[in-house]
Amino acid sequence: LQCAFLALMGSRLSYILVRCVRVKKRRKITYDTFLTAALTVFGVIDFLIRTVSEDRTMAGLLSLVTQIISVDDPTSRETVEKVINGSFQTLSMINATVSQQEMMKIFAYVLVFMCLLRLIQYMEVHPRVDLIARTVKAASGDMFHFCLIFLLIFIGLAWLAHWSFGPDKIMFSSLRTSANTCFQMLIGEYPFEDEWTEGWKQKVWYVLYTFLLFLVSLNILLAIIVESFLRVKKEIDERQEVRSLFPDLFSLCTRRFLAFQHAWPSTLAVMKHLEVHRLERGPVSVKELLMSNQVHFENQEAALTFLKVYHWYLGPGILDAKGREYEASRDFVLSYMCHEHCPKISNKDYAVFIDCVVHIQSVARRRQAYKTAERLRKQKQKQAERRQNALKLRTKTMELKGSEDSVVREFGSWLGINSQVVDALLLMRAAGLGGSLSSGGIVDPVDSVGTQSTSLGEDTGLIRP
C-alpha cells in the first residue's frame, strides 16, 4: 500500500511539473500543488523511517536479548553493568523511534485535515454538492463578528467560574479546566451536583450562562447559518442550468458520446465562444455557431443537433421570447392533434408535421390573397370604366352645343339611335319643319329625338332618305 501511495503521488507530482514546464507564462503555486508535494514528502520520509529505523530498533532489541541470555554469572558486576548499559541504549533508541513516529503522526494529522479541506474544494464541481462550502462562505462575515462577541462572553464566564468556584470545585479548579467544563455545558452536559453543595452564586452563574450562551448565542449562530443557506439555495434554484448531480453525470456521458458521433467542439471551445459573444443581446443560433472562430461544426445539421441537445436537457427556460412562443404553440398543437383528433401523429416527427402545416397555410394565404387582389382589380376596372363613360358624356355634351352634322351623327350612334332617324331629323332641321325644333339651341331637338325615337323606331319605313 505504501509503494502504491508513493507511485500515485509521484505520478501526480510529475504531471504537475510537466504542466509547469509546458506553460510558458509564470504559473502560481496552487493549494493542490502544495498538498501533492506535502503528501509526497510524507510518503518518502515514512518509507525511509519504516525501512531504516525499524531495522535499527529490532537489531538493538535482539542484541539486548542476546546479552541477557549470554550472561553466565549474574553476580558479576561488570556483566550486569554491560547489560544495563545496553538496555539503556536500546531504550533510548526506542524512545527516539517513538518520537519520530509521534512527529509523523502529527504530520499525517495535519495532512488529513488538508485533504478534508481539499475535498470541500472539490465539491465546487457541482452547485448542489457545494452547498456546505458556499453557505459557510456566505455566512463568514456574520460568523466572524459573532465569534468575537461569543469568545468574549465565553472567556469572561469561564474566568468568573474559575475565580468564584475554583477553590471548591474540581471542574473549575483552573482556567483551562473551567473552559473545558463550559464547553461541555455548551453541548448540554451540565455538571450539576447535589443541591446542598451548590450555593446561590453558582446557581446564578448557571442561569446567566444558560441564557447568554446556550439559548441566545447558539440560536443566533443557527439563524445566521440558516439564513445563509436559504440565500444560497435560492440563488442555485434561480440558475436555469443547475440540475441534480446524477442527471448531470448522465448528461455528461451522453454529451461525450454525441460529441464523438457528430464531431462537436470541446466544452472549453464552447465556453470561449460564449465568453467572446457574451455582450450580444440575441440568443445563440445555428448561424452564429457556424460563423464562429472559436467552435467548428461540420455542417448545419450538427450545430442544430447541438442546440437541440442542450434544449432537451435544460428545458424551455433557455429560450428567448420567440422560442417560448414556438414551444407554447407546439404543445397546443400536439395536445389538440395527438389526444383528440389524430392519436397516431405522436409517432411522427413534429418538425415535418409543422413544415407541412406551414406549407398548407402559406398556400391558402396565397390563394386568398390572389382572390382578394383579383376582386380589387375588377372593382378598380369598373370604377375606371364608369369614370371614362362619365368623362365621355361630359365631353360630348360640351361639344354638342357647337357641333356640325357629323358630330350629331356620331352622338346619335353613341346613344344607339338609328342613323336613318338621325339623318331625317337633320333634314327636318335644315328645312325648318321641326315644330319642336328651335333655332336657338340643340337641347330641345335632342329631347324631341328622344321622344320620337320610340314611334319612329317602331316603323322605320315611313321615312325615306
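In which helix do Glu 374 and Arg 377 lie, and how many residues apart are they? The views below come from a predicted model, and the first of them shows this pair.

View 1. Glu 374 and Arg 377 both belong to helix 13, which covers residues 350–400. The two are three residues apart, about one turn of the helix. In an α-helix there are 3.6 residues a turn, so positions three or four places apart point the same way. The side chains of Glu 374 and Arg 377 meet in a salt bridge, with 2.3 Å from N to O. Glu 374 is partly exposed, at 24% relative accessibility. Arg 377 also counts as partly exposed, with a relative accessible area of 44%.

**View 2. A network of salt bridges at Asp 237.** Salt bridges link Arg 128, Lys 233 and Asp 237 in a network. Asp 237 pairs with Arg 128, and their closest N and O atoms are 3.2 Å apart. This pair links distant parts of the chain: Asp 237 is in helix 7, whereas Arg 128 is in the loop between helix 3 and helix 4, 109 residues apart. Asp 237 also forms a salt bridge with Lys 233, where the closest N and O atoms are 3.2 Å apart. Asp 237 and Lys 233 are separated by about one helical turn because they are four residues apart in helix 7.

**View 3. Packing of helix 4.** Helix 4 spans residues 131–138, and its buried residues are Leu 131, Ala 133 and Thr 135. These buried residues pack against helix 3 and helix 7, the latter formed by residues 200–238.

View 4. Met 103, Ile 106, Tyr 109, Val 110, Val 112, Phe 113, Leu 116, Leu 119 and Tyr 122 make a nonpolar surface patch of about 940 Å². Ile 106, one of these residues, is placed in helix 3, residues 77–122.

**View 5. The chain as the setting for the close-ups.** The chain has 16 helices and zero strands. Of its 465 residues, 23% are buried. Among contacts between residues at least 6 apart in sequence, 54% join residues at least 24 apart. The whole structure contains six salt bridges, including the Glu 374 and Arg 377 pair.

Key. Residues numbered from 1 in each chain as written. Predicted model: local features only at pLDDT ≥ 70, side-chain atom pairs only at ≥ 80, totals over all residues. Heavy atoms only, no water. Buried < 20%, exposed > 50% of the residue type's maximum accessible area, 1.4 Å probe, protein only. Contact = heavy atoms within 4.5 Å. Patch = residues over 30% accessible without salt bridge, like charges linked within 9 Å, V, L, I, M, F, W, Y side chains within 5 Å. Areas by Shrake-Rupley, 256 points an atom, 1.4 Å probe, with all protein chains shown as cover. Salt bridge = Lys/Arg side-chain N within 4 Å of Asp/Glu carboxyl O.
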